[in-house]
2 protein chains.
Amino acid sequence: MSELANELENVSANKSFGGWHKQYRHYSRTLGCTMRFAVYLPPQAMVGENVPVLYWLSGLTCTDENFMQKAGAQLAAAELGVAIVAPDTSPRGEGVPDDPEAAYDLGLGAGFYVNATEAPWSRHYRMYDYVVNELPELIEAHFPVNDRRAISGHSMGGHGALTIALRNPGRYCSVSAFSPISNPVNCPWGQKAFRAYLGDDQALWQGHDASVLMSEASQSLPTLVDQGMDDDFLERELKPEALEEAARVSGFPLTLRRHEGYDHSYYFIASFIAEHLQFHHRHLIS
Amino acid sequence: MSELANELENVSANKSFGGWHKQYRHYSRTLGCTMRFAVYLPPQAMVGENVPVLYWLSGLTCTDENFMQKAGAQLAAAELGVAIVAPDTSPRGEGVPDDPEAAYDLGLGAGFYVNATEAPWSRHYRMYDYVVNELPELIEAHFPVNDRRAISGHSMGGHGALTIALRNPGRYCSVSAFSPISNPVNCPWGQKAFRAYLGDDQALWQGHDASVLMSEASQSLPTLVDQGMDDDFLERELKPEALEEAARVSGFPLTLRRHEGYDHSYYFIASFIAEHLQFHHRHLIS
């Protein structure tokens with residue numbers, strides 16, 4: 001892989017609902033490694049229209065493939081004319097450090113959408129900058145899209161979507177999440193990752209906690225969160241009640257929906273992804 | 001796993017589009033091993049209605065999971081009130097022989113929906129009887145379904161669906177296939193599998209060839225086949241033109257649709273699975 005910035009290598013292409021699912025590799029300056037991402041281009045983008053983009057951030061252990069293969073999002077994206085971009089969940093490849101114990105919740109597949117400040121992570125683990133800046137620049141330079149952006153994600157990626165949207169007012173038209181890690185400073189997944197990536201100063205953690213950010217938000221943003229009530233991680237890791245309380249404090253326009261019987265899997269995401277796309281589409285075109 | 005016939009062990013359950021995706025293990029007398037299958041029960045089946053069933057037969061290398069995770073079929077199944085049952089693609093487990101070279105197109109994951117007559121396959125490789133008899137008996141004994149059945153599949157499973165439907169007039173209300181191996185006696189995949197499972201007498205192969213069966217069919221059956229035109233296996237392995245010619249010979253009601261740009265992947269299946277469910281639903285309820 002060349003280290004030339006902004007060079008994309010197409011590695012797969014599948015026609016899907018009249019549009020195209022494609023995977024690309026590129027050298028990321030931000031992350032200092034070669035990354036793969038996937039893009040779904042709806043039919044409208046193949047006939048000269050510049051379409052808005054939904055960025056999808058996946059959860060622990062995922063790559064760009066899980067969402068594109070399992071969520072069934074292309075149906076609604078094709079109907080509505082929305083592109084979807086799915087990055088990987090961490091830097092990868094030779095020289096990129098992993099957790100010494102290869103735990104699923106730290107290191108590879110677990111970038112947590114922050115810029116690490118601590119060794120050995122700080123060289124490569126900069127998923128925040130990658131998602132906020134480098135990836136959209138690349139997408140907007142190479143694909144038939146406009147500058148209307150929305151962001152969504154699942155679990156760790158729900159945390160990523162909410163925090164990135166809240167930290168960057170004006171950058172996204174809307175944000176949504178499935179089963180997000182809503183209050184990472186107060187749960188095991190978040191504390192472990194933030195301690196490793198950001199160090200022991202818990203004041204720094206606050207800037208990447210969706211509930212803290214939402215409670216202090218001065219600008220509003222349409223926000224939809226879906227949570228399954230039979231999710232094994234609900235009480236220990238996800239804590240949607242913290243997000244709800246934060247929205248109450250700041251008067252933030254959060255719609256939080258609880259769904260009886262649904263779990264943490266892609267079967268849950270698939271059941272409601274069309275509603276998320278419709279929600280984002282309303283704000284992307286307004 | 002107990003060897004008690006008709007005993008089902010539930011191994012997973014995920015709520016999906018208001019219904020349930022569930023996986024079960026059971027001891028199969030037909031196959032002489034423990035098998036896993038998946039069932040999608042639409043919301044209508046959870047409130048006392050007996051729903052019709054679509055049997056889905058997957059392609060080479062698949063288990064019950066590929067279709068349930070990647071096809072997005074639950075959306076239309078939930079709307080229409082159709083259950084879906086997805087068996088594995090071969091016997092599995094201790095004592096079940098595999099191809100000595102562990103090729104992907106023979107042995108495990110490659111049962112080809114026939115009853116093997118040759119050593120070492122004949123003890124376990126009886127997927128034809130399993131799909132035609134044992135599995136529906138089990139489903140109809142344990143789940144809120146009626147006796148209206150349809151059958152569909154992909155690639156090797158498209159071959160399975162077409163041949164099983166054609167050999168059993170009256171058993172299915174309709175049949176469909178994505179990218180089926182339409183004329184296995186004339187392609188490398190089919191010849192390799194039929195020689196191994198059925199022996200060298202090619203006259204026996206004819207009874208499991210969809211094009212041969214369709215050309216000789218005396219009873220008609222609503223039949224829908226979708227084929228992607230950018231499918232890498234199209235010319236060498238799939239040969240839809242043989243099926244088309246067979247339908248012409250016997251006047252069989254085959255609808256064969258060719259789709260520009262689509263490949264052999266689940267992205268193709270997902271793009272058209274709702275239309276297949278609508279097609280089957282029309283015949284299942286009529």
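**A chat about the annotated site in chain A**

Q: Hi! Where does Asp231(A) sit in this one?
A: Hi! This is a predicted model, and in it Asp231(A) falls in the loop that links strand E8 (223–228) to helix H8 (234–238) of chain A.

Q: Buried or exposed, that Asp231(A)?
A: Asp231(A) is buried, because its relative accessible area is 5%, and buried means under 20%.

Q: What does Asp231(A) touch, sequence neighbours aside?
A: Not counting residues up to four places away in sequence, Asp231(A) touches Ser179(A), Leu238(A), Tyr262(A), Asp263(A) and His264(A).

Q: Which residues does the UniProt "active site" annotation cover?
A: In the unreviewed UniProt entry, that annotation covers Ser155(A), Asp231(A) and His264(A). They are spread over 110 residues of sequence, yet they cluster in space, with a largest C-alpha distance of 10.8 Å.

Q: And where is Ser155(A)?
A: Ser155(A) is in the loop between strand E6 (145–154) and helix H4 (156–167) of chain A. Ser155(A) is buried too, with a relative accessible area of 3%. Beyond four places in sequence, its contacts include Gly59(A), Trp189(A), Leu238(A) and His264(A).

Q: Changing topic: how far apart are Pro97(A) and Met127(A)?
A: They are 30 residues apart in sequence and 14 Å apart in space, C-alpha to C-alpha. Pro97(A) belongs to the loop between strand E5 (83–87) and helix H3 (127–142) of chain A.

Q: What's touching Pro97(A)?
A: Leaving out residues up to four places away in sequence, Pro97(A) touches Leu108(A), Pro120(A), Trp121(A), His124(A) and Tyr125(A). Pro97(A) is buried, at a relative accessible area of 18%.

Technical notes: Residues numbered from 1 in each chain as written. Chains lettered and ligands numbered in written order. Predicted model: local features only at pLDDT ≥ 70, side-chain atom pairs only at ≥ 80, totals over all residues. Heavy atoms only, no water. UniProt positions renumbered as here; feature names shortened; annotations may be inferred. Helix = DSSP H or I, 4+ residues; strand = E, 2+ residues; numbered from the N terminus. Buried < 20%, exposed > 50% of the residue type's maximum accessible area, 1.4 Å probe, protein only. Contact = heavy atoms within 4.5 Å.
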